[in-house]
Amino acid sequence: MATAFLAGLRVLDLSIWRPGPYATSLLVTLGADVLKVEPPGGDPMRHYAGLFESINAGKRSIVLDLKDDPQRERALALADQADVLVEGFRPGVMARLGMDEATVRGRNPALVYCSISGYGQEDERAALPGHDVNYQAWAGALTPQGGTATLPRLPSADLASGLTAAFGICAAVIGRGTSGEGAYLDVAMTDVMATWTGRTGADTGTGTTSGARPPADTTPGYGLFTTADGGQVALGVVNEQHFWSALCVELGLGALADLTFEERGRRGTEMQRAVATSVAARGRDELVTRLAAAGVPVAPVLDRQGMLANAPFPPFPIRLPLPEARAVPALDEHRGEGFCERA
């Protein structure tokens, strides 16, 4: 049977692009009734059909112009019936539209009102526009240890913030069951990424003679390595002696297998070069097979197509019995509809 933990939960989704819709896509998969309110012309993410589908399937779509008084009243009426409202506008926009948290929760105190923005509602940067790369940059996520940053391949701020919002919503809904009161959730995307970056990295207190771990690119057996066929493998050996020993044996570096973590740290660049040289003489897939059989933390570096070919694609980040794939709503497909009746 499909898992429907959130069956009967009514979610009014006013968000566009990715963070808010990703949050509500997690909720709809768990059984929530998500009504997606789109602006005239639709969510701009509809220009990217594949991405739109992945985070909006199973929702229903209506178009409302929140600048128009009668249509805004319709949105407020829906908020009166909702358990959760999610919005992702820049701070101040919802107040100008007459749908800010104070107004909406004044009418429906049990509502969980979730705002997702780049910097939070009260931050001095609140009015600054931005997208994923900006928030990662402010949060130190593009180059935590310093040096020249590179453009991230995944929109981590968007996705992490959506996941955080979904987590907060579920917690607030549980809390409401005890207090009877809703909550206001102010999710700042930069804050989310800052908590991932952290106050300190993994470069201190690991027991080396100097009291500091060598930089990640010179931690022997940890990192990305190029293979003879032009592929790459990811090795994940840190301070585990048995992993290091098994790696050395398989790479023909038996003379180095008994070196302790401290010894490897002192000779970090030399050891890393030895690993890289040995890996460079092997084919990727054969090497991954051999190292995996030896119990070494290893993975091939795959692109999207390689990932899809390697294993079934997970439809949800938690392995649960899930409903069958749901349709993606056409723009304004559910005009005039409200929330479903509760069971």
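Where is the place of Trp17? The place of Trp17 is in the loop between strand 1 (10–13) and helix 1 (19–29), where helices (H or I, at least four residues) and strands (E, at least two) are DSSP runs numbered from the N terminus. Please keep in mind that this is a predicted model, in which local features need pLDDT of at least 70 and side-chain atom pairs count only at pLDDT 80 or more, while totals for chains, interfaces and linings use all residues. Residues are numbered from 1 along each chain as its sequence is written, and side-chain values use heavy atoms, with hydrogens and water left out.

**Positive phi values**

- Trp17 has a phi near 60°, a positive value in a residue other than glycine.
- Trp17 is partly exposed, with a relative accessible area of 33%; buried means under 20%, exposed over 50%, and partly exposed in between (1.4 Å probe, protein chains only).
- Asp332 is buried, at a relative accessible area of 15%.

- Asp132 belongs to helix 6 (residues 132–138).
- Although buried, Asp132 has no salt bridge, meaning a side-chain nitrogen of Lys or Arg within 4 Å of a carboxyl oxygen of Asp or Glu.
- The nearest side chain of opposite charge to Asp132 is Arg18, 7.0 Å away; Lys and Arg count as positive and Asp and Glu as negative, while His and the chain ends are not counted.
- A polar atom of the Asp132 side chain lies 2.8 Å from the backbone nitrogen of Asp158.
- Leaving aside residues up to four places away in sequence, Asp132 touches Pro152, Leu154, Pro155, Ser156, Ala157 and Asp158, with contact taken as heavy atoms within 4.5 Å.

**Packing of helix 9**

- Helix 9 (residues 241–250) has as its buried residues Trp244, Ser245, Ala246, Leu247, Cys248 and Glu250.
- Those buried residues pack against strand 8 (232–236), helix 10 (261–266), helix 11 (268–279) and helix 12 (284–293).

**A nonpolar surface patch**

- Together, Leu302, Met307, Leu308 and Phe313 make a nonpolar patch on the surface with about 360 Å² of accessible area, computed by the Shrake-Rupley method with a 1.4 Å probe, only the protein chains shown counting as cover for residues.
- Patches are made of residues with over 30% relative accessible area and no salt bridge, with like charges joined within 9 Å and nonpolar side chains (Val, Leu, Ile, Met, Phe, Trp, Tyr) within 5 Å.
- Leu302 is found in the loop between strand 9 (298–300) and helix 13, and is partly exposed at 35% relative accessible area.

Notes:
Polar contact = N/O pair within 3.5 Å; in protein donor to acceptor, adjacent residues only side chain to side chain.
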